[in-house]
Amino acid sequence: MAGAAATVAATLATAPLDVKASIFDGSYSDPNHPNCIREITSEGPVAKLFGTDGNPGCPADGSGNKWQLTGKISGKNIFVDFSPKGGPKDLKGFFDGSGIEWPDGNKWSLKE
């Protein structure tokens, strides 16, 4: 029995962990900026958003003008400070199960 426990422990120790810190964590597609990067990572209620912008889209590799924003997560809502990009300070987005809906009608769709 000790051998089986050691095998299970070794398997768990080497298995990759695919744990999302929040429903918002992941990569998104933005129809207003085709091919541009949209990534969200979080730790607790603090979100970090990374991305690129083009004019309006980006090349197929996602390269473009890089940016980084911060936000706060509360349940299915995310409040993002877009002011570094010339937008509002606390824009509220809502996670609808397949992406983030923004007040301007845009939706970032979660990539699989």
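Mentor: Strands, labelled E, are DSSP runs of at least two residues and are numbered from the N terminus. Please keep in mind throughout that this is a predicted model.

Trainee: With that definition in place, in which strand does Tyr 28 lie?

Mentor: The strand that covers residues 26–29 is E1. Tyr 28 accordingly belongs to strand E1.

Trainee: How many bridges join E3 to strand E4?

Mentor: Strand E3 spans residues 46–53 and is joined to strand E2, residues 38–43, by six bridges in the antiparallel sense. On its pairing with E4, which covers residues 65–74, E3 is again antiparallel, and Phe 50 stands opposite Gln 68 there. The number of bridges between E3 and E4 is eight.

Trainee: Which residue in E8 stands opposite Gly 99?

Mentor: Strand E7, residues 99–101, runs antiparallel to strand E8, residues 107–110, and three bridges join them. Across this pairing, the residue opposite Gly 99 is Ser 109.

Trainee: What is the handedness of the disulfide between Cys 36 and Cys 58?

Mentor: A search of the whole structure finds one disulfide, and it joins Cys 36 to Cys 58 with an S to S distance of 2.1 Å. The pair links distant parts of the chain, 22 residues apart, with Cys 36 in the loop between E1 and E2 and Cys 58 in the loop between E3 and E4. Because the torsion about the S-S bond is about 95°, the disulfide is right-handed.

Trainee: Is Cys 36 buried or exposed, and what about Cys 58?

Mentor: Buried means under 20% relative accessible area. Cys 36 is at 3% and Cys 58 is at 8%, so Cys 36 is buried, and Cys 58 is likewise buried.

Trainee: What kind of aromatic pair do Tyr 28 and Trp 108 form?

Mentor: The structure holds four aromatic pairs, and in this one the centres lie 6.2 Å apart with 50° between the planes. It links distant parts of the chain, with Tyr 28 in strand E1 and Trp 108 in strand E8, 80 residues apart. Tyr 28 is buried at 0% relative accessible area, and Trp 108 is buried at 4%. By its geometry, the pair is tilted.

Trainee: Why is the pair of Phe 82 and Trp 102 edge-to-face?

Mentor: Phe 82 lies in the loop between E5 and E6 and Trp 102 in the loop between E7 and E8, so the pair ties together parts that are 20 residues apart in sequence. Phe 82 counts as buried at 11% relative accessibility, and Trp 102 does so at 7%. The ring centres are 5.6 Å apart, and the pair is edge-to-face because the planes stand at 85°.

Trainee: Which residues form one aromatic cluster?

Mentor: The tilted pair contributes Tyr 28 and Trp 108, and the edge-to-face pair contributes Phe 82 and Trp 102. The cluster consists of Tyr 28, Phe 82, Trp 102 and Trp 108.

Trainee: How far does the backbone oxygen of Phe 24 lie from a polar atom of the side chain of Tyr 28?

Mentor: Beyond four places in sequence, Tyr 28 touches residues including Cys 36, Arg 38, Gly 99 and Ser 109. Phe 24 is reached through a polar atom of the Tyr 28 side chain, and its backbone oxygen lies at 2.7 Å.

Trainee: Is Asp 81 buried or exposed?

Mentor: Asp 81 is found in the loop between strand E5 and strand E6, and its contacts, leaving aside neighbours within four places in sequence, are Leu 69, Thr 70, Pro 88 and Lys 89. With a relative accessible area of 15%, Asp 81 is buried.

Conventions. Residues numbered from 1 in each chain as written. Predicted model: local features only at pLDDT ≥ 70, side-chain atom pairs only at ≥ 80, totals over all residues. Heavy atoms only, no water. Helix = DSSP H or I, 4+ residues; strand = E, 2+ residues; numbered from the N terminus. Buried < 20%, exposed > 50% of the residue type's maximum accessible area, 1.4 Å probe, protein only. Contact = heavy atoms within 4.5 Å. Pairing = 2+ DSSP bridges. Disulfide = S-S within 2.5 Å. Phe/Tyr/Trp six-rings, centres within 6.5 Å; stacked < 30°, edge-to-face > 60°. Polar contact = N/O pair within 3.5 Å; in protein donor to acceptor, adjacent residues only side chain to side chain.
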